[in-house]
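Take a moment to look over the chain before reading on.

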Amino acid sequence: MNYEKLDIADELSERRDLFELPAGMVYLDGNSLGALPRAVAERLEHVVRGQWGHDLITSWNRHDWINLPQRVGDRIASLVGAGPGQIVCADTISTNLFKLLSAALGLQEGRRVILSQEGNFPTDMYMAEGLQALLGPEHCEFRAVPASDLSEALGKDVAVLMLTQVNFRDGSLHDMAAITREAHRHGVLVLWDLAHSAGVVPVELDRWKVDMAVGCGYKFLNGGPGAPAFLYLAQRHHEHARQPLCGWMGHRRPFDFEAAYHPAPGVQRFLAGTPGILGMAALDAALDVFDGVSIQQLRHKSSALTQCFIEAVDRSALPALELLTPRHAERRGSQVSLAHPDGFAISQALIAHNVIVDFRAPNIIRFGFSPFYNRFDDVRIAVETLADIMNRERYKDPRFLRMQKVT
Ligand SMILES: *Cc1c(COP(=O)(O)O)cnc(C)c1O
């Protein structure tokens, strides 16, 4: 395999220069925390000193801080196939799920079940369980079934189907258009979690008639640690959808300070409290790297990177390493997951050798690929390092068994 040739032919190769990346590091964790776009530090300096420091409270109007959740939302919209006015940037995925699931139950009178898939991301499950505990069994029941049983489970009592497009463990990709269509045939609303999709997998929220979606700011959107998340609500639901975290920023006129809550007309009613301007400004600046690139271009390179990686791992014939991710590029996101009984120690040994990956219990090593800054040569280095660690059993060093709070 001529990796150098692939890098030369790569039409996105220059985008790497838009990021700060430590020399000598192969960073394969952009699916967990995207790398730092150079424009972010500069923007933060400007927002902190120039706006907060100099213009203080007048910045809410002068620099339009107040509309940042909608403005950043509209920029994200163009990456996930949504028209303007349907996405706000706010809070976390967890909180946004709570708001949207509550709204979905409210829109679906006579239906009380939230349906999901076993093995979905834990916070998605926990939030649904929390809502069930709050509302009680007559109003909300959470059910998770194996992926193969989802069709059958779309009964008359199901209000909303909540799924994640790209599975965080094995990187497999759901057919979002087909599942949404099928759920709608049964009168079920669909809420998609785009945590591992936004910015790297083509998504057409409007065209596929998705009802609701959430997504992450700090993964492939590179918004920084704990960046605000986003939520999508299709226009057709705006009038009737209500959410329980009805804070003042979702009020139609927050600065009238009315005694009664009246929701804002659009998706803005899904805002709760004051937006975190620093985090949102960082995400806004990070989105500049998408200017002039299509999601199709990103998807094309992402698929080539993961394909290249899978083939190189195959050629290395490493013992006891199991590929969990689908071999067919159409059926996976932008990560490759390998299982091994000593997966944790191997992941730590890779990190010690400057190949940054992460580990998901009980035995999964995840390799995430960002088409913006990963090179084909990163694939070569990662697989050579992996082979060296395994063939020489370097991972058996006891220092690689120390588990920290974040894996
Ligand atoms: C990363 C991730 C989240 C993160 O949720 P937060 O509440 O924003 O921390 C949620 N769901 C999925 C599927 C994820 O991958």
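A residue counts as buried when its relative accessible area is under 20%. Keep that cut-off in mind. The model shown here is predicted.

Start with the cysteines. C216 has a relative accessibility of 3%, so it counts as buried. C308 comes out at 5%, so C308 is buried too. A disulfide is a covalent bond between the sulfur atoms of two cysteines. How many disulfides does the structure hold? It holds zero. Look at C216 again: its nearest cysteine sulfur belongs to C89 and is 10 Å away. To count as a disulfide, the two sulfur atoms must lie within 2.5 Å. C216 is therefore in no disulfide.

Now turn to a charged residue, K301. Find it in helix α9, which covers residues 295-316. Is K301 buried or exposed? Its relative accessibility is 5%, so K301 is buried. What does K301 touch, apart from its neighbours within four places in sequence? Its contacts are D10, L12, P371, N374 and F376.

Next, look at a whole helix. Helix α4 spans residues 68-77 and is mostly covered. Seven of its ten residues are buried. These are L68, P69, Q70, V72, G73, I76 and A77. Which elements cover them? The cover includes strand β4 (87-89), strand β10 (230-233) and helix α8 (277-286).

Finally, go to the ligand. The residues around it are T92, I93, S94, F121, T123, D124, T164, D193, A195, H196, Y218 and K219. By kind, this shell divides into four nonpolar, five polar and three charged residues. Two helices, α5 (93-107) and α6 (122-135), each supply at least two residues of the shell.

Zoom in on the polar atoms. In the side chain of S94, an N or O atom is 2.5 Å from an oxygen atom of the ligand. Y218 also has a polar side-chain atom by a ligand oxygen, at 3.3 Å. How much of the ligand does the protein bury? Taken alone, the ligand exposes 390 Å², and the protein buries 88% of that.

Methods: Residues numbered from 1 in each chain as written. Predicted model: local features only at pLDDT ≥ 70, side-chain atom pairs only at ≥ 80, totals over all residues. Heavy atoms only, no water. Buried < 20%, exposed > 50% of the residue type's maximum accessible area, 1.4 Å probe, protein only. Near = heavy atom within 4 Å. Polar contact = N/O pair within 3.5 Å; in protein donor to acceptor, adjacent residues only side chain to side chain. Areas by Shrake-Rupley, 256 points an atom, 1.4 Å probe, with all protein chains shown as cover. Helix = DSSP H or I, 4+ residues; strand = E, 2+ residues; numbered from the N terminus. Nonpolar A, V, L, I, M, F, W, Y, C, P; charged D, E, K, R; others polar. Contact = heavy atoms within 4.5 Å.
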